[in-house]
Every structure is written in C-alpha cells, then in structure tokens.
Amino acid sequence: MARGCSPQVLLPGIAIFALYLSSRYSFLLFHSLVELFRVVILYGVFVLAWHGRRWSANGYLLVVGIASLYIGALEMLHTLAYKGVGIFDGFDANLPTQLWIAFRYLEAFALLIAALLVPRRPNPYVLLGLFAASTVALAYTIFSGRFPDCFIEGQGLTAFKIQSEYALIGLLLAGLGLLWQRRAHFEPGVLRLVAGSIVAGALAEFAFTRYASVYGRANEIGHYALLLSGMLLYRAVLVTGITCPFDLMFRELKAKESELEQRVAERTAALIESEARARAFAENSPSVIYLKDLAGRHTLVNEAFERLVHRTRSEIDGRTVFDLFPATSAAEFDRNDREILGQRKAQVVIEALEDSGGRRIFESIKFPIVDETGAITGVGGISTDITESFIAEQRYATIIRASIDAFVVLDTEGRFVEVNDAACSLTGYERSALLAMGVPDVEAQMDPDAIRLTMQRVQQRGSARFETRWKVCSGAVRDVEVSIQCVGENGQSRLFAFVRDVTERKAAVARIDYLAHHDVLTGLPNRLLFERMFAAHIAQAGGSHAALLLCDLDNFKIINDTLGHVVGDALLAVVAQRLRQCVGNEGLVCRSGGDEFLILPAASGAPAAPVEAIARILREMTAPFHVEEHELVTTVSVGIALYPRDGSDFETLFKKADTAMFQAKEAGRNTYRYFDPAMYADAGERLELLGQLRGAIERQELVLHYQPQIDLQSGRVVGAEALIRWQHPTRGLVPPGRFIPLAEDSGLIVSIGAWVLREACRQAVAWKDEGLSRLVVAVNLSAVQFRDGDLYGTVVDALAESGLDTACLELELTESILIRDAEGILEIVRRLKSLGLKLSIDDFGTGYSSLAYLKRFAVDKLKIDQSFVRDMANDAEDAALVFAIIQMARSLGLKTIAEGVEDAAVMERLKAYACDEVQGFHFARPLPAPEFLAFVRRTEGAPAAQTVPVS
C-alpha cells in the first residue's frame with residue numbers, strides 16, 4: 001500500500017483498474033462486473049439507510065435508500081438479460097435495453113421525489129410499498145410487451161430510448177436543482193456527495209447519448225460514471241447514517257453536561273432568592289400567616305398574626321388556638337385544622353372570630369405540611385380579613401335576589417357562579433342545574449369562540465352592554481339584553497351580569513316595523529320599502545343598468561266581481577308567491593297596490609337582460625291558480641323602465657313603467673313593453689283613434705279581408721278567415737292590432753263584432769251565389785263579446801238576416817276565453833253549437849291547452865299558432881310540438897289547420913304530418929272579397945299538385 005494512500009481511495013482505484021482491464025478482455029465481463037458492483041452498492045445503500053432511519057434526521061437519504069432496493073432489483077434483471085449471459089436467451093437485445101431505461105427512470109424519479117419531500121420524513125413502510133408497486137408495474141409492462149421498444153435488431157436504438165436518455169438528464173438536473181434549494185437541511189459534506197452522485201449519473205446519461213456501439217468509448221465511460229454515482233451515494237448514506245450520529249451524540253453529551261452545570265448554578269441561586277422573597281412576603285403580607293405542628297402548637301407566624309392577637313412572637317410560639325382566641329372561635333379553628341389533616345389536601349374555609357373588637361370574618365386557605373418522606377408534620381394557613389366585603393355581599397345578595405331582572409355571576413371561563421331567582425325563571429332551570437352550567441349552555445346566537453372573545457373584551461374594557469339570544473329549558477329561544485361588569489383582577493375576576501328578557505318588546509317593534517313596510521295581504525314589501533331597497537340597489541350597482549318592472553293582472557276585476565273579494569285577495573296572495581319564486585332570492589318583488597306588482601330582477605346588467613326574467617314570469621303566470629276550490633287563470637301585462645336610460649329616480653321610472661304597462665295591455669295583454677318616449681305621443685293618438693273609431697261603422701270605414709284556407713291534400717280552398725280592416729279616410733289602412741285593443745278596452749268590440757258577423761255571413765251567401773257552395777267562413781270572437789254582449793242572439797240574427805247555412809259558419813275562440821268563467825262560457829258555447837255551426841280553437845298551444853276543455857266544449861278544429869309553424873322546418877322542437885298537436889287532434893277526432901305557412905318546406909312538412917288545412921302568405925295574404933273570389937277561381941282551375949302561391 002502506497003504511503004499516505006487511504007483504503008477509501010486505494011480500493012476503489014484498484015476496482016476501477018480491474019474493470020478497465022476486463023473491458024479490454026471482454027465487454028460482457030466488463031458490463032457484468034460494473035452492473036454487479038452497482039447492485040452491491042445499491043443494496044449497501046438500502047441497508048445503511050434502513051438501519052440508520054431511527055437516528056438519521058435526513059429523510060432524503062431514507063427515500064433514496066429504500067428506492068435503491070428496487071433499483072438494484074431491476075438493474076440485476078438488466079444484467080442477467082444482457083445478451084450472452086444466458087439467463088434470458090429467449091429475448092433479444094430489446095429486453096436489457098428496456099430494463100435499463102426502467103431502472104434509470106425509477107432512480108431519477110426517486111432522487112426527484114426525495115428532494116421534494118425535504119425536510120419531511122415519510123413513513124418508510126409506505127415508501128417500501130410505493131416503490132415495490134412501481135417496480136412490479138414496470139416489470140409487468142416490460143415482460144408483457146407493453147413497454148415501448150428501445151432496441152430493434154438490425155436498426156439499433158429507437159427514438160424512445162434516445163429521447164429517454166435526454167429526459168433522464170433533465171430529471172436528474174431537476175432533482176439537483178431542488179436539492180440545492182433545500183441545501184440548508186444537509187450537512188455540507190453529505191450535500192457534496194449527493195450532488196456529485198447526481199452529476200455523475202447525469203454525465204453517464206450524456207455519455208450514453210453519444211452511444212455508437214457496445215464497444216464504444218462513450219458506452220465504457222458511461223458505465224464508469226454510473227458506478228461512480230453509486231459509490232458517491234453510498235458514501236453519503238454511510239456518512240449520514242454512521243459517522244454523523246456518533247459525532248452528533250458526542251457534541252450533544254458535551255452540550256448537555258454544560259447545560260446541566262448551568263442549571264444547577266441557576267437553581268441554587270433561585271432557591272436562595274426564593275427563600276428571601278418568601279420571608280419578605282410573609283412578613284409584609286396583610287393576611288395572617290401561620291404554621292402549626294400536629295399538636296396544634298404554632299411554630300411560625302408573621303407580623304399580621306402578632307397584631308391580630310396583640311402578642312409578640314415569643315409569646316405565640318408553642319401555644320395553641322385555645323391559648324390565643326376565645327373558646328368558640330378556637331373550637332372552630334381547631335375543627336377546620338383537623339379536617340385538613342384528615343383529608344390531606346388544601347381547602348378554602350370561611351371562619352369567624354368573635355372578640356372584644358366584634359365579629360370579624362376571615363377567608364382562610366389551609367393546607368397540610370408534608371416533609372420529604374411524604375409524612376404530614378403539621379398544618380399551615382393564610383387568613384384574610386373579608387369582614388367588610390362579606391357584609392357588603394350579603395346586602396348586595398339580598399338586593400339581587402329581589403331583582404325582577406335575571407342576575408348571574410360568572411367566572412372568567414363563562415361558568416355560572418351565582419344566580420338569582422329571576423335567572424331561574426328566565427331559563428326554566430333549577431338553581432342547582434343552572435350553577436352546573438355556563439354561558440355556552442344557554443347561548444343561542446354566539447359560538448364558543450365568539451363567547452370567549454366577548455369575555456376577554458369585557459375583562460379588558462371593564463363593562464359591556466349588548467343583545468343576544470338564550471336557549472331556555474323548554475327549547476325555546478329568548479331575546480335578552482345583557483349588561484355586564486367585570487370586578488377584580490389578577491386571575492380572580494368575576495363578571496356580574498344583569499340579563500333582561502326583551503323578547504316581547506323586540507317582537508312588538510318588529511311587528512310595527514313589518515306592518516309599516518310590508519303588504520299585510522301578500523307579505524311582500526310595500527311601495528315605501530321597495531323604493532328604499534331600489535335606491536340601495538342603484539347605489540350599490542354604481543351606475544350600471546337596472547330594470548323596473550310594473551306587472552298588472554289581466555282581467556282581475558272580472559274575478560273580483562264574479563267570485564268576490566275574498567277569492568280575489570286569495571288570488572293576489574298566491575300570485576305574489578309565484579312572482580317571488582320567479583325572481584328568486586336575489587330579486588325584489590313588491591305589491592304597489594290593487595293588482596299591481598313592482599319587480600326588480602336580479603343582476604339586471606345590460607338593457608336587454610330582464611327579458612329572461614320577464615319570459616319566466618309570463619310563462620309561469622299562465623299556469624292555473626287553485627284558490628278557494630276554484631281553478632283560476634290570469635295573465636300579466638308588464639311595463640319596463642330602464643335605469644339610467646329612462647330616469648335616475650324611482651318616481652320617474654315608476655311613471656314610465658306604468659305607461660309601458662298600458663302599452664302592453666293594448667298590445668293584447670299577456671306581454672311586455674319597454675318604455676319608449678313615443679308612448680306619450682302614442683297615448684294621445686290612441687284617444688284620438690278611439691274617438692274616430694266610434695263612428696267608423698256608420699261611416700262605412702270598416703272592411704273585411706279574407707285569407708284563404710287550403711285543404712292540404714287536395715289543394716282546394718275550403719274556407720276563408722274573415723279579418724277586419726279599418727280604411728281610415730286620412731290614415732289609410734289601419735292594422736287590426738292598432739284598433740282592436742282599443743275596441744276591446746272601450747267595449748266597442750261588441751258592436752264591431754256584430755258587424756263582422758253580419759258582413760261575413762252576407763259575403764258567404766254572395767260567394768255561394770257565385771258557385772262557392774262548400775266554402776266555410778271563419779270569424780274570430782272576443783272575450784268581451786262573451787262577457788258584455790248577447791253573443792248567441794247576435795249570431796242567430798246574422799244567420800237569419802243573411803240566410804247562410806249554419807254549417808258554413810265557423811267561430812274561432814281563443815283558449816283564454818274558454819278558461820274564464822268556464823261554466824258560463826260553456827253554456828253559451830253549447831247554445832251556439834246547437835245551431836249547427838262549427839267551432840275552432842285559435843292560437844292553440846300558446847295558452848293553457850287543456851284536453852278537458854276540448855272535450856267539454858266539443859270543438860271541431862284546432863288552429864296551430866303561427867309561432868310554432870313558421871320555423872318548424874328549421875326548429876326541431878317546433879316541429880315536434882306541431883306533430884304532437886296534429887296527432888292529439890286526430891286521436892280526438894278533430895281537424896287541424898296551421899296558420900303562418902310561408903314557404904314550401906313548411907307546407908311539405910305539414911303534409912307529411914297529415915295536417916288537414918293550412919293558411920298563410922305562401923298561398924295568399926288576406927284579400928278583399930273580389931280578389932279572394934278571383935284567387936279561388938284560379939286555384940280551382942289548377943291541379944292540386946300545381947297550386948301556385950299568390951303573394
């Protein structure tokens with residue numbers, strides 16, 4: 001052995017030289033020796049890490065050490081699978097290459113995970129399980145053929161293998177970076193060894209990226225670097241697990257020895273100082289301090305004791321209480337002393353001394369005196385004169401017991417120390433039960449943390465006054481007002497609290513406030529409260545958009561007049577509940593008066609945002625209301641004013657929403673309108689139109705246009721829907737949507753409707769004379785005609801006056817007509833049906849479509865609303881709904897007619913669905929009577945398949 005060369009250097013050098021010689025003799029031998037050395041080193045790392053886990057504080061090396069057990073297993077498989085060894089000759093060179101990549105990935109990830117876990121110490125058994133599972137999974141993946149190929153005979157290394165070498169370098173350097181970040185948790189020497197091991201491993205991988213052949217220089221250098229990596233890691237574990245603990249143990253022993261010496265010196269000085277302080281305390285204490293032996297003789301007293309008995313210390317030593325105090329008091333003192341000796345524990349007792357100075361009360365802390373063997377050698381005591389406070393407490397207690405308010409005394413932990421009769425009455429608990437409880441047992445509003453915080457604040461501030469809620473014995477909760485005062489300090493504080501029951505007072509105040517701001521009938525906020533809430537919402541929104549909705553029930557007056565105010569009020573209550581459900585918890589609903597409701601939808605956002613909320617309201621309000629055994633149906637008309645576009649204050653927005661609501665009413669009800677400045681001018685125009693409409697019949701300004709109704713299978717015109725138009729002398733042709741609502745609101749619809757019936761019947765007879773004998777004319781009816789006019793008489797007169805066959809007249813009713821005052825409407829419909837005319841339901845599907853009503857009213861035809869028909873070729877939901885209506889009608893023996901047919905695709909779809917009749921712009925617009933006749937003549941001359949639409 002060379003001089004100065006240690007075994008730690010010489011032995012690895014000899015091993016590496018031997019490996020070098022073997023590489024020149026046989027690469028297989030070289031490879032096997034390198035890998036076997038590595039496996040032995042890895043198992044050594046595992047053994048050292050496992051046995052050093054109890055005293056080593058380095059969790060990093062524990063993770064790496066446990067992982068080494070499984071890395072060595074995979075590396076051993078790699079060595080045995082190498083071509084030429086003969087263990088796995090059934091496999092090609094791909095298997096050892098796959099095993100190589102597998103154990104290198106496991107090693108790189110182990111180093112990375114270990115760095116991530118620093119400074120924590122994971123459970124070693126969990127690590128054993130995790131790495132075992134990972135190893136089994138890798139081995140299964142390789143031997144089952146699921147692992148990517150790393151070497152292909154005739155082609156060499158795969159792209160996956162080469163890329164994996166670079167990926168391994170990245171993982172190792174990432175682990176090195178994390179290790180450097182956590183370097184404060186490592187001994188410098190260990191850190192250098194571990195870092196060197198990682199760097200050597202990364203260099204090995206880099207060498208393998210230069211891989212040219214099995215016998216190449218890069219392959220040989222890579223194996224040397226890999227072996228060096230294992231040796232450095234072994235050295236790091238050895239230093240951490242063996243050398244460092246003994247060095248640390250020696251340093252700790254020296255430190256503890258020095259610390260012990262210092263503590264002994266400090267304890268001695270403290271004892272001397274403590275004895276001096278105790279003597280000074282005893283002598284200067286205002287309390288009476290004394291010690292006695294087992295016979296009751298005084299062995300030690302302080303100056304306060306001397307003053308109490310008016311004797312010197314020499315006169316007191318060796319005397320008993322019977323020698324120093326009156327007999328009655330001495331007997332009490334002696335009895336208490338013997339009780340302390342018998343129970344062998346300290347106690348606090350109240351003692352009375354009666355002498356020439358009067359009666360005095362002492363609070364005495366008495367305790368047994370024990371020697372070093374545990375034997376009792378006497379009794380000691382500290383007695384404090386509490387005469388004045390005792391008398392004051394007695395007087396105070398008398399006042400407290402008579403108080404009508406609950407009074408409680410609490411300790412600093414919130415436990416009840418004393419309670420009066422009123423506290424028992426308030427809580428419902430007996431005094432003994434209440435004294436075993438504390439504030440947390442009765443507090444219903446604050447959690448334990450809040451109670452503790454309140455106690456601390458009271459002690460800091462001295463007093464407090466607040467309201468809270470208490471749970472009483474019955475389970476009820478009472479509102480209480482607490483006035484609390486802290487008395488005392490230095491851990492002897494007491495909290496004195498008066499507790500007043502304010503439940504009824506708060507309920508009365510809340511009721512008054514509720515009545516002042518809420519509608520009694522519906523429970524909704526009234527307009528006053530809503531206005532405040534609206535202003536608060538606007539302020540909180542910071543100038544963003546908001547919408548004010550004014551909803552008015554349609555035809556509520558009819559319900560009130562026919563069924564009474566009790567039913568009307570009940571309907572308003574359930575309407576309010578439904579509106580509240582529509583807007584949700586974040587929206588606001590208010591009953592502003594009568595049958596009007598104000599709504600502020602949640603999160604109004606942009607100007608168009610409330611449309612979704614309004615659509616939900618309109619949809620939900622069409623469902624029937626079950627009120628007082630009545631099934632009622634009503635709709636709402638909604639006016640909308642937008643903030644800040646339409647106004648910046650509530651009153652302005654309310655007025656404009658009211659104007660918009662009336663526009664919705666005129667638009668046919670059950671709809672909504674936004675406020676438009678033109679509405680003010682429109683209101684004046686409506687008044688002018690209404691005045692001019694009153695004489696329109698006499699001035700012969702009203703005319704009827706007729707829209708053809710086509711049999712879908714034959715293409716023949718089988719009917720005509722009579723549609724009214726107003727030919728105004730200056731305004732031109734006024735559309736029905738403009739003047740029909742005015743006519744309905746004013747009642748003029750009754751006379752106008754009668755004129756329409758007479759004119760339609762007359763025209764039908766005229767067409768019959770022209771040869772159109774099979775044509776049926778359809779006339780729309782208004783709900784007002786059922787309610788205010790003699791509809792039956794009007795129909796009979798029109799038929800009699802014209803001479804029209806009743807089978808050629810069809811009356812169209814809307815669903816809303818049928819569900820209002822169902823029994824009264826049913827009687828009128830039955831009488832009309834008895835005449836032999838036809839009945840159809842207009843706009844079917846847009847209202848409350850009830851099969852029961854179809855059966856009871858014995859209608860002949862359903863008219864499918866154009867809102868479903870117009871886009872059914874492109875909208876699957878509309879198409880499905882139309883198909884369902886047609887199938888339902890066929891099953892009930894009813895005909896169907898679809899309105900709003902505007903193109904051939906829709907017509908073909910309806911024909912495929914077996915719809916009976918159609919009408920719409922695809923065939924013809926509503927035509928004056930002469931043009932209608934010409935249209936019929938043209939279509940009769942064309943084959944059914946070639947019917948030409950007329951615009």
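A salt bridge is taken here as a side-chain nitrogen of Lys or Arg within 4 Å of a carboxyl oxygen of Asp or Glu. The model is predicted, so local features need pLDDT of at least 70 and side-chain atom pairs count only at pLDDT 80 or more, while totals for chains, interfaces and linings use all residues. Residues are numbered from 1 along each chain as its sequence is written, and side-chain values use heavy atoms, with hydrogens and water left out.

**View 1. Salt bridge between Arg 38 and Glu 107.** The closest N and O atoms of Arg 38 and Glu 107 are 3.0 Å apart. Because Arg 38 lies in helix H2 (residues 27–51) and Glu 107 in helix H4 (residues 94–117), the pair ties together parts that are 69 residues apart in sequence; helices (H or I, at least four residues) and strands (E, at least two) are DSSP runs, numbered from the N terminus. Arg 38 and Glu 107 are both buried, where buried means under 20% relative accessible area, exposed over 50%, and partly exposed in between (1.4 Å probe, protein chains only). Arg 38 and Glu 107 also belong to a network of salt bridges with Glu 75, Arg 104 and Glu 205.

**View 2. Salt bridge between Lys 292 and Asp 337.** The side chains of Lys 292 and Asp 337 meet at 2.5 Å, N to O. Since Lys 292 lies in strand E3 (residues 288–293) and Asp 337 in helix H12 (residues 327–343), this pair ties together parts 45 residues apart in sequence. Both Lys 292 and Asp 337 are buried.

**View 3. Aromatic pair of Phe 147 and Phe 160.** Rings of Phe, Tyr and Trp (its six-membered ring) pair if their centres lie within 6.5 Å, and planes under 30 degrees apart count as stacked, over 60 as edge-to-face and the rest as tilted. By this rule the count comes to 21 aromatic pairs. The rings of Phe 147 and Phe 160 have centres 5.9 Å apart and planes at 80°, so the pair is edge-to-face. Phe 147 is buried at 10% relative accessibility, whereas Phe 160, with a relative accessible area of 27%, is partly exposed.

View 4. The structure holds zero disulfides, a disulfide being a pair of cysteine sulfur atoms within 2.5 Å. Cys 808 counts as buried, at 11% relative accessibility.
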